[in-house]
Amino acid sequence: MCPGTLDGAQSITQELAGSLWPAAGGIGIDTVKLFTWGRRTPGRLTGPRSVPMVAVVILATLAGSTLVVAAIRAVVPDAAPVYLLAVLAVGTLFGTAPAVVTSIAGFLLYDFLFVPPVLTFTIASPDEWLNLLLLLAVAVVIGRLAALQAERAQEAADRALEAESLYRITGVLASTRTVGEATPLMLARLAETTAMDRIWFGLGPSPMEEHIVADTAATEALPVPGWHVVLQRLPDGPMRWVRTHVGRAGPRRSPRAVVFRIHVEVAGELLGSLWALRGRAEREPDRAETRILSAAAGQLGQAVVRDRLVEEATSAEILRESESLKSALLDSVSHDLRTPLATIRAAAGSMLDRTITWTEDERLAAFQTIDAEAERMGRLVRNLLDLSRIEGGALRPELAALDVGELALQAARRIHSGGKTIRVEIPPALPPVLVDDVYLGQILANLLENAVRYGGPTIVVQCRDLPDEGAVELSVADDGEGVPMRALGHLFDKFYQVPRTDGLSRRGMGIGLTVVAGLAHAMGGTVRAERSVAGGLAVVVTLRTADPPAELEDRSRVPAQASQ
Amino acid sequence: MTQSGAWLLVVEDEEPTRRSLSNYLVRRGYRVDEAATAAEALRAWDAHRPDVILLDLGLPDLDGVDVIRHIRRAATTPIIVVSARGDERDKIAGLDAGADDYLSKPFSVGELEARIHAVMRRLGGPDGDPDGRLRLGQIELDPARRAVTVAGSPVHFSPREYELLKVLLSNQGRLVTRERLLRAVWGLEYAEAREYLHVYVGRLRRKLSEAGVGPLIEQMIATETGIGYRVAASKAATPAEAPTSG
């Protein structure tokens, strides 16, 4: 019948059936085939219709009808309806023109074979003339109506098919997060549906500046943009393909393939192009294919815009988060620096007031306060610097075998305990640990200050030998409220604040423990947080012991990596 | 000038700061109660009804702003907020809750004492004047006649300017937020119209300055950037200095 048409349609229906009813594919194909088995509107044929072929069919139909008419003429007085049936069949299958041809040919044949005088085109009786002319008119009208009906049915089926194809192609966009993810599959399906040899999608203001997002034949070099056929979409006119070129117009050689271009634009803004390539001998895309290509380009445009909006929103969000983190950090830093500074100014200002005569003890106490608070500020600044070194991987500990108990006692003496009790429990014969004394001092100061600030009235510093592991555990525990179990794992995260249940604002910067962990790791140690025996928080730092005596000899720098 | 006998409550959770401040204030002749938490503060306030409260906003058990609200429900005891928080919103929240003034850490003890004096001068209050007139230095505002004089000579003000001056003079020794001024003079819906305030305060200052107050006006109605205006308190000095015009 019309092989070109069926091939194209069939491949779509097979695909459709396969994807919609994988188990019952055969049924699907057959069902749709009933609708596609018919003539297509002239502009939508998938290949030039063969005129001889149609003629053969018409002749065969007429010959068949004639035989039937001859056979039944004995029984039925007027066999004209049989010719009408033939016209109906041709009209349904091939459209108006063949139906008209069939009508006229049938009219002549009937005249020639059955109207007396038989075997001439002459018509004897004027009545017969009228009969025959009426038959011709009825045949033409029936042929035309049959053709229209077939066209409409075909069109509806095609539209449904087109919609399904389009859904299958652009549905990929809805199920993926970005255009980049969606396009490879989408273009492959598009190429298959529109019978293109290759389809690619480029984003950019002009063909020369486009970057290719996806390409169904990415391994092959792209054709140099030159002569191509671009789809023109007029505001309310039809779509049409126009031959054009980009860049310097080279000689209009006959290329081996035709390149088609569909603009991808949204609200008048040209975002890029959808390109399609088809072998040279092939025709330009038919109306259905054009519509699918155009719709796909439209969907791509929408998706690109959507992607952009999402990206903008995300980067704005990231910016805002980092801004808010920055301002929270600055707020904390300024708060934590201002607090000791306030004490220093109060104490120093008091000493400077000439109207007051201070006793020697009062004076001494004030200077001790100033000294302690200045040290606290120094520790804070050191924490900030350490934090940046930890993050930059720039910690260079100078490890030496030292007595951890002695260092713990020193740290406990230096810290401003605020009336709280700090108990240091060191077992005898503790092996020396391999530490940087400045780092360990900073670790202890941070842990003790936290315990003083957030813990209960008693703070216990303990050391435990773990000879099997070649390590010593140093723990700082308090008897305060502790922290919720779920917060324990986050305590060493940068800027982490234990969530407060009472709605009070955050206190502290959330960098002290981060620094503790960073410094401990830099010395080859580890940290963990757990519930203390007294129900508060215990932070346990594990430190490597120095292997005597070889390590003792080698006091030189041991490279260590900061790891967070 | 030492205000002998004035009773202060220092609410501060940082022990070194609290001790240093209280040592100084005691030696300056004040009687000082100390509190490290909001609970202690409210207890001490109940027990002694101090003359002035120095309040740190960042307390471990309750937000300082809530402490202000709690006290304001019962008394007008002057409250000076002392905080290390840098955010202006905190200051405004404290002032709007009823605090009289605000000091950012770190501050000098001299500045603290000056603020204590300022809020204490307000204690007797301009509202307590027998004739109902408001006075600040040479400026005198008579609500009964809606008239303002500087050193006895009348100065003309538009109704809005007059209202604004009245609110400012009623808040001597205090830091008044822009929102409060806008609400009091222009109404609720103008609480954000800061440019109005800027323009009107500028006009007030110019007229008062030209009328004889001179450049001193910048200190009498001082701008606290980002927050509002601090009105000087001169009540202690005024009765002696002010020319008796009535």
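Modeller: Helices (H or I, at least four residues) and strands (E, at least two) are DSSP runs, numbered from the N terminus. This is a predicted model: local features need pLDDT of at least 70, side-chain atom pairs count only at pLDDT 80 or more, and totals for chains, interfaces and linings use all residues. Residues are numbered from 1 along each chain as its sequence is written, while chains are lettered from A and ligands numbered from 1 in the order in which they are written.

Colleague: Which residues of helix 4 of chain A are buried?

Modeller: Buried needs 20 or more other C-beta atoms within 10 Å of the residue's own, with C-beta atoms placed from the backbone. Among those in helix 4 of chain A are A:Val82, A:Tyr83, A:Leu88 and A:Phe94. The buried residues of that helix pack against helix 3 (51-72), helix 5 (96-114) and helix 6 (126-175) of chain A, with contact meaning C-beta atoms, placed from the backbone, within 7 Å. Just after helix 4 of chain A, A:Gly95 has a positive phi of about 100°.

Colleague: On to chain B: in what order do the five strands of the open sheet lie?

Modeller: Strands of a sheet pair through backbone hydrogen bonds, either parallel or antiparallel. Here the order is 2-1-3-4-5, and the pairing is parallel. Strand 2 (31-35) and strand 5 (101-104) of chain B are the edges, each pairing on one side only. Pairing takes at least two DSSP bridges between two strands.

Colleague: How many bridges join strand 1 of chain B to strand 3 of chain B?

Modeller: Four, between strand 1 (residues 7-11) and strand 3 of chain B; B:Leu8 stands opposite B:Val52 there. Strand 3 of chain B also pairs with strand 4 of chain B over four bridges, with B:Asp56 partnered by B:Val82.

Colleague: Why is strand 3 of chain B largely enclosed?

Modeller: Because five of the five residues of strand 3 (residues 52-56) of chain B are buried. B:Val52, B:Leu54 and B:Asp56 cover one side, B:Ile53 and B:Leu55 the other.

Methods
Buried ≥ 20, exposed ≤ 12 C-beta atoms within 10 Å, placed from the backbone. Contact = placed C-beta atoms within 7 Å.
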